[in-house]
Amino acid sequence: MTAAITRRDLAVAACAGAAAALLPRPADAAPPAVGAPVPADALPAREASWYRKLPEGRVECQLCPRGCQVADAERGACGVRENRGGTYTTLVYGAACTVHVDPIEKKPFFHVLPGAPALSFATAGCNVECKFCQNWEISQFRPEQVAALWLPPEALAAAARQKGVPLLAATYSEPVVFWEYVRDAAAACRGAGVRPVVVSNGYIQERPLRDVLPSLAAVKVDLKAFSERFYREVVRGELKPVLKTIEVIRASGCWLEIVVLLIPGLNDSEAEVRALARWVKSNLGGEVPVHFTRFHPTYRLTNLPPTPLATLERSWRIANAEGLAFAYLGNVPGHPGESTSCPGCGARLIHRIGFEVLENTLKGGRCPTCGRTIPGVWA
Ligand code: SF4
């Protein structure tokens with residue numbers, strides 16, 4: 001396997017996939033060789049870990065809050081889980097449609113091994129439908145519509161170790177829909193000297209979250225807005241379960257960072273940002289990093305402009321004023337809001353431009369000037 005595999009290399013085969021979707025997929029099809037393409041007519045089929053059987057061959061998925069009830073030969077809303085004779089199966093276990101080495105700042109994590117590379121992977125599928133999705137070419141397609149390689153969990157962990165990459169990141173589309181793959185990849189990282197991290201929308205039921213959380217080094221949650229209306233109309237999800245997920249992660253001790261993509265006119269009002277910041281402070285404390293990132297027109301929101309810098313800076317000031325010690329700005333290369341400063345004395349600790357770390361003066365997780373502890377995964 002090569003770290004230079006990109007999404008573009010593994011081009012979406014939507015047209016071919018539309019025909020392939022009609023082909024039968026033998027349930028007992030042997031997996032291809034490690035690193036080989038996954039044929040659309042032989043997707044890996046593995047029993048899902050979180051579901052219950054219902055009468056008349058139906059099943060109820062218990063992975064995400066949608067709780068899809070699925071008849072035989074049908075799929076859940078994410079398109080990657082199928083009822084096969086009363087057995088619910090995941091069709092993307094080990095089928096990585098993108099694998100790439102990214103700086104951890106790109107996820108973004110700013111308090112996890114600054115400057116370290118992360119072997120990043122994803123499968124097709126998602127359990128929501130954000131109108132602003134940046135990875136819609138994989139998230140909004142079924143697995144037979146997206147080219148993929150057979151990379152079982154052990155192969156991912158081994159590849160990271162062989163390349164000297166300290167982090168394995170489940171990211172790009174939505175790790176919740178390939179949660180069994182995430183769980184087993186995280187387990188494979190144990191003993192390989194690799195730390196597994198997840199970049200997620202947080203739209204997951206509590207049991208599968210708690211089942212996997214102890215194996216993870218860090219989770220970044222996209223908090224897409226602070227209103228149910230936005231979640232309903234722009235995301236096709238719900239805010240409340242995401243807030244619950246964030247609280248569970250924080251209480252577990254797993255490292256947590258939050259990202260808020262500010263979209264002009266939809267979720268960027270002063271009142272909404274202030275309410276979000278207050279919720280974080282009172283429910284999670286002031287030490288959780290919160291990144292406000294700039295929106296660029298994409299997918300179904302090409303009619304909107306990029307987020308004005310003034311809006312980002314206003315949100316940054318609100319977060320600071322509400323007591324969040326580590327508020328950041330994203331997608332504004334060179335802005336001071338990309339860097340980490342000590343909340344105790346104000347000294348700049350980690351200087352970033354874009355995804356690049358220019359300087360890191362932290363000493364043992366502390367500010368070298370005043371000695372304040374800076375929370376994170378530093379060693
Ligand atoms: S993970 Fe997929 S199948 Fe399961 S409830 Fe969510 S959308 Fe439905």
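**Figure 1. Domain layout of the predicted model.** The protein chain divides into three parts: domain 1 (14–90), domain 2 (95–330) and domain 3 (339–379). The model shown here is predicted. The centres of domain 2 and domain 3, taken over C-alpha atoms, are 22 Å apart. At their contact, 16 residues of domain 2 meet 16 residues of domain 3.

**Figure 2. The largest nonpolar core.** This core has 105 residues. Phe132, Leu216, Leu223 and Ile258 have the most contacts inside it. Domain 1 (14–90) and domain 2 (95–330) both contribute residues, so the core lies between them. A second, separate core has 13 residues, including Ile104, Leu167, Ala218 and Val377. In soluble globular proteins, nonpolar side chains tend to be buried together.

**Figure 3. Close-up of Leu223.** Leu223 is among the residues with the most contacts inside the core of 105 residues. Which residues does Leu223 touch, not counting those up to four places away in sequence? They are Tyr231, Leu239, Val242, Leu243, Ile246, Ile258, Val259, Val260 and Leu276. One of these, Ile258, is also listed with Leu223 among the residues with the most contacts in the core.

**Figure 4. Arg352, a buried charge without a salt bridge.** Arg352 lies in strand β18 (residues 348–353). Arg352 is buried, yet has no salt bridge. The nearest side chain of opposite charge is Glu105, 4.3 Å away. What does the side chain of Arg352 reach at 2.6 Å? It is the backbone oxygen of Phe110. The Arg352 side chain also reaches the backbone oxygen of Glu338, at 3.0 Å. Leaving out residues up to four places away in sequence, Arg352 touches Glu105, Phe110, Tyr328, Glu338, Ser339, Thr340 and Val357.

**Figure 5. Salt bridge between Glu60 and Arg52.** The closest N and O atoms of Glu60 and Arg52 are 3.2 Å apart, and the two residues form a salt bridge. Glu60 is buried, at 16% relative accessible area. Arg52 is partly exposed, at 39% relative accessibility. A search of the whole structure finds 18 salt bridges.

**Figure 6. Salt bridge between Asp184 and Arg183.** The side chains of Asp184 and Arg183 meet at 2.8 Å, N to O. Is Asp184 buried or exposed? Asp184 counts as buried, with 18% relative accessibility.

**Figure 7. Arg278 and Glu322 join two parts of the chain.** Arg278 and Glu322 form a salt bridge, with their closest N and O atoms 3.0 Å apart. Arg278 sits in helix α8 (residues 270–284), while Glu322 sits in the loop between α9 (309–321) and β16 (327–330). The pair therefore ties together parts that are 44 residues apart in sequence. Arg278 is partly exposed, with a relative accessible area of 48%. Glu322 is buried, at 16% relative accessibility.

**Figure 8. A salt-bridge network.** Which residues are linked in a network of salt bridges? They are Arg75, Glu82, Arg84 and Glu144.

**Figure 9. The cis peptide bond at Pro108.** Lys107 and Pro108 are joined by a cis peptide bond, with omega about -10°. Pro108 lies in the loop between β8 (98–103) and β9 (117–122).

Figure 10. Most residues other than glycine have a negative phi, and most peptide bonds are trans. Tyr172 is not a glycine, but its phi is positive, near 70°. Tyr172 is found in the loop between β11 (167–170) and α4 (179–189). At 16% relative accessibility, Tyr172 is buried. Arg236 also has a positive phi, about 60°, although it is not a glycine. Arg236 is placed in the loop between α6 (228–235) and α7 (239–252). Arg236 is partly exposed, with a relative accessible area of 49%.

How values were computed:
Residues are numbered from 1 along each chain as its sequence is written. This is a predicted model: local features need pLDDT of at least 70, side-chain atom pairs count only at pLDDT 80 or more; totals for chains, interfaces and linings use all residues. Side-chain values use heavy atoms; hydrogens and water are left out. Helices (H or I, at least four residues) and strands (E, at least two) are DSSP runs, numbered from the N terminus. Buried means under 20% relative accessible area, exposed over 50%, partly exposed in between (1.4 Å probe, protein chains only). Lys and Arg count as positive and Asp and Glu as negative; His and the chain ends are not counted. A salt bridge is a side-chain nitrogen of Lys or Arg within 4 Å of a carboxyl oxygen of Asp or Glu. A polar contact is a pair of N or O atoms within 3.5 Å; within protein, one must be able to donate a hydrogen and the other to accept it, and residues adjacent in sequence count only if both atoms are side-chain atoms. Contact means heavy atoms within 4.5 Å. A nonpolar core is a set of buried Ala, Val, Leu, Ile, Met, Phe, Trp, Tyr and Cys residues joined through side-chain atoms within 4.5 Å. Domain bounds come from an automatic or database domain assignment.
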